[in-house]
Amino acid sequence: MIKVAEPGGKDSIEMRKVYAGFISEQIEAGSDIIALEADLMSSMAMDGVHKKYPQQVINCGIMEANVIGTAAGLSLTGRKPFVHTFTAFASRRCFDQLFMALDYQRSNVKVIASDAGVTACHNGGTHMSFEDMGIVRGLAHSVVLEVTDAVMFSDILHQLAELEGFYWVRTIRKQAPTIYQPGSRFTIGKGNVLREGTDITLIANGIMVAEALTAAQQLAQEGISVAVIDMFTLKPIDRELVKNYAEKTRRIVTCENHSIHNGLGSAVAEVLVETCPVPMRRVGVKERYGQVGTQDFLQQEYGLTANDIVAAARELL
């Protein structure tokens, strides 16, 4: 059951510290978990965990393909590998290993991909991935998630520690806008309705959930009734929820910190064309690579703001 927080806040804890705390907690509890890093320990706050538990936290170096192969091998011994690296390297750099060693072999490995989209900020275009979720969603057995805030990240990580299979989780590293109250529980494969509406539905994930809620408030001031859905599972997408709200509001806008191609917009469009074709717009990155900048600048530059969502909604209305 989810509990929606008051709008406008920021998480009190960074997402990377949620991850480091989870790994430390699992090791202390005697779990078979083992954390693998591709020379990005300081980026994910794992330095201290590595110092304390050098046998359970391993830096495999800047060799992402090797990290994935190592994780697959460890999973065969009964260990529970969690792999972390940036989204670009967790998708483009090691795609063949994701296919061969994890998905094809049905390995029990969880990949945590950080620095999602424009949140890579000062790392620039080479590290700023807008195509990563689309790459991984094409694999036959993958489960692809983008967590929304610290409350969700913590709950999903604890679920993944007990689940079998290949899961790919996209996240930011620092503080996220607060969307959920502590104690919320999330069902992988099911979207969360954060706001009811009858005129249009905004379907968002990641940092765009907060932008969608802000856009809904702006539109409400114009007398427009807006539903907002957090579609944190990209694959398998909640087809029934998409269909139901397409039938209810007859208009859909998707909102993603990712390319509009093969991401959330594409996944929703696939459901609509097969179940309930209605007009839709896709707010996301359009045929561009990344660049250096602050997150605020980049969201403006790539059209990833509440104002961009409002503009797309007005087109449909």
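N262 sits in the loop that runs between strand 11 and helix 9. Its phi is near 70°, a positive value for a residue that isn't glycine, and with 36% relative accessibility N262 counts as partly exposed. Keep in mind that this is a predicted model.

- Five strands make up an open sheet in the order 7-9-8-11-12, and the pairing is mixed.
- Strand 7 (192-195) and strand 12 (280-285) are the edge strands; each has a single partner strand, so one side of each has no neighbour in the sheet.
- On average, neighbouring strands here are turned by 25° against each other, if you ignore direction.
- Strand 8 (residues 200-204) and strand 11 (residues 252-259) run parallel and are joined by four bridges.
- If you want a spot to look at, A204 has C255 in strand 11 as its bridge partner.

**Helices packed on that sheet**
- Helix 9 (residues 264-275) packs on the sheet and touches strand 8, strand 11 and strand 12, with its direction at about 145° to that of strand 11.
- Helix 11 (residues 306-316) also packs on the sheet, touching strand 8, strand 11 and strand 12. The direction of helix 11 makes about 160° with that of strand 12.

**Strands 4, 5 and 6**
- Strand 6 pairs with strand 4 in the parallel sense over four bridges, and A113 stands opposite R170 in strand 6.
- Strand 6 also pairs with strand 5 (residues 143-146), in the parallel sense and over four bridges; here V143 has Y167 as its bridge partner.
- In a regular strand, side chains alternate between the two faces of the sheet.
- Along strand 6 (residues 167-170), Y167 and V169 point one way while W168 and R170 point the other way, and all of them are buried.

- K235 and P236 are joined by a cis peptide bond, with omega at about 0°.
- P236 lies in the loop between strand 10 (233-235) and helix 8 (239-249).
- R250 is in the loop between helix 8 and strand 11, and it has a positive phi, near 65°, without being a glycine.
- R250 is partly exposed, at 41% relative accessible area.

**A nonpolar surface patch**
- F95, F99, M100 and Y104 form a nonpolar patch on the surface, together giving about 400 Å² of accessible area.
- Y104 belongs to the loop between helix 4 (95-103) and strand 4 (110-114).
- Y104 counts as exposed because its relative accessibility is 57%, and the cut-off for exposed is over 50%.

Technical notes: Residues are numbered from 1 along each chain as its sequence is written. This is a predicted model: local features need pLDDT of at least 70, side-chain atom pairs count only at pLDDT 80 or more; totals for chains, interfaces and linings use all residues. Side-chain values use heavy atoms; hydrogens and water are left out. Patches are made of residues with over 30% relative accessible area and no salt bridge: like charges are joined within 9 Å, nonpolar side chains (Val, Leu, Ile, Met, Phe, Trp, Tyr) within 5 Å. Accessible areas come from the Shrake-Rupley method with a 1.4 Å probe; for residues, only the protein chains shown count as cover. A salt bridge is a side-chain nitrogen of Lys or Arg within 4 Å of a carboxyl oxygen of Asp or Glu. Helices (H or I, at least four residues) and strands (E, at least two) are DSSP runs, numbered from the N terminus. Buried means under 20% relative accessible area, exposed over 50%, partly exposed in between (1.4 Å probe, protein chains only). Two strands pair if DSSP finds at least two bridges between them. Axes are lines fitted to C-alpha atoms, for helices over the stretch in contact, and angles run from 0 to 180 degrees between N-to-C directions. Contact means heavy atoms within 4.5 Å.
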